[in-house]
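Visitor: Please show me the model. I would like to ask what each label rests on.

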Amino acid sequence: MQDLTRKIWWDTGKASFFITHDVEEALLLASRIIVLSKHPGRVIEDIYMKFSRRIMEDCEEDIKFTEEFYKYRENY
């Protein structure tokens, strides 16, 4: 599903909005991640990501195993 979602985004150039609790999924699909606090839900961080673009442009299938990806995954 992630591959299909990424391909639709890449081919159409359309924006989409996802809500997830899965940090890895957010990192692999997002070009922008907005992190919310617990109650009350407020924006605490707004992060621009390039992992999806790198997967599509450079065919970096193993991006999950990079140090950069690991750093983001462990911090959130």
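Visitor: Which residues is Lys-64 in contact with, leaving aside its neighbours within four places in sequence?
Guide: Glu-24, Leu-28, Phe-69 and Arg-73, where contact means heavy atoms within 4.5 Å. This is a predicted model, in which local features need pLDDT of at least 70 and side-chain atom pairs pLDDT 80 or more, while totals for chains, interfaces and linings use all residues. Residues are numbered from 1 along each chain as its sequence is written, and side-chain values use heavy atoms, with hydrogens and water left out.

Visitor: Where does Lys-64 lie, and what makes it partly exposed?
Guide: Lys-64 sits in the loop between H3 and helix H4 (67-75); helices (H or I, at least four residues) and strands (E, at least two) are DSSP runs, numbered from the N terminus. Its relative accessibility is 33%, which falls between the limits for buried (under 20%) and exposed (over 50%), with a 1.4 Å probe and protein chains only. Lys-64 therefore counts as partly exposed.

Visitor: How far is Lys-64 from His-39?
Guide: From C-alpha to C-alpha the two are 31 Å apart in space, and they are 25 residues apart in sequence.

Visitor: Why is Arg-6 called buried?
Guide: Arg-6 has a relative accessible area of 5%, so the value is under the limit for buried. Arg-6 belongs to helix H1. Apart from neighbours within four places in sequence, Arg-6 touches Leu-28, Leu-29, Ser-52, Ile-55 and Met-56.

Visitor: What makes H1 and H3 roughly perpendicular?
Guide: H1 and helix H3 (residues 51-58) pack at about 80 degrees, with their axes 11 Å apart. The axes are lines fitted to C-alpha atoms over the stretch in contact, and angles run from 0 to 180 degrees between N-to-C directions. Under 35 degrees counts as roughly parallel, over 145 as roughly antiparallel, 65 to 115 as roughly perpendicular and the rest as oblique, so the label for H1 and H3 is roughly perpendicular. Arg-6, Lys-7, Trp-9 and Trp-10 on the H1 side meet Ser-52, Arg-53, Ile-55, Met-56 and Glu-57 on the H3 side.

Visitor: How do you know whether Ala-15 is buried or exposed?
Guide: The relative accessible area of Ala-15 is 80%, which is over the limit for exposed, and therefore Ala-15 is exposed. Ala-15 is in the loop between H1 and helix H2 (23-29). Ala-15 and Ile-44 are 29 residues apart in sequence and 22 Å apart in space, C-alpha to C-alpha.

Visitor: Why is Leu-4 called partly exposed?
Guide: Leu-4, in helix H1 (residues 2-12), has 46% relative accessibility, so the label for a value between the two limits applies.

Visitor: Which peptide bond is cis, with omega near -15 degrees?
Guide: The one from His-39 to Pro-40. Most peptide bonds are trans. Pro-40 is found in the loop between strand E1 (32-36) and strand E2 (43-48).

Visitor: What pattern does the protein chain follow along the sequence?
Guide: The pattern is α-α-β-β-α-α, from four helices and two strands. Of its 76 residues, 21% count as buried. The C-alpha trace spans about 40 × 30 × 20 Å along its principal axes.
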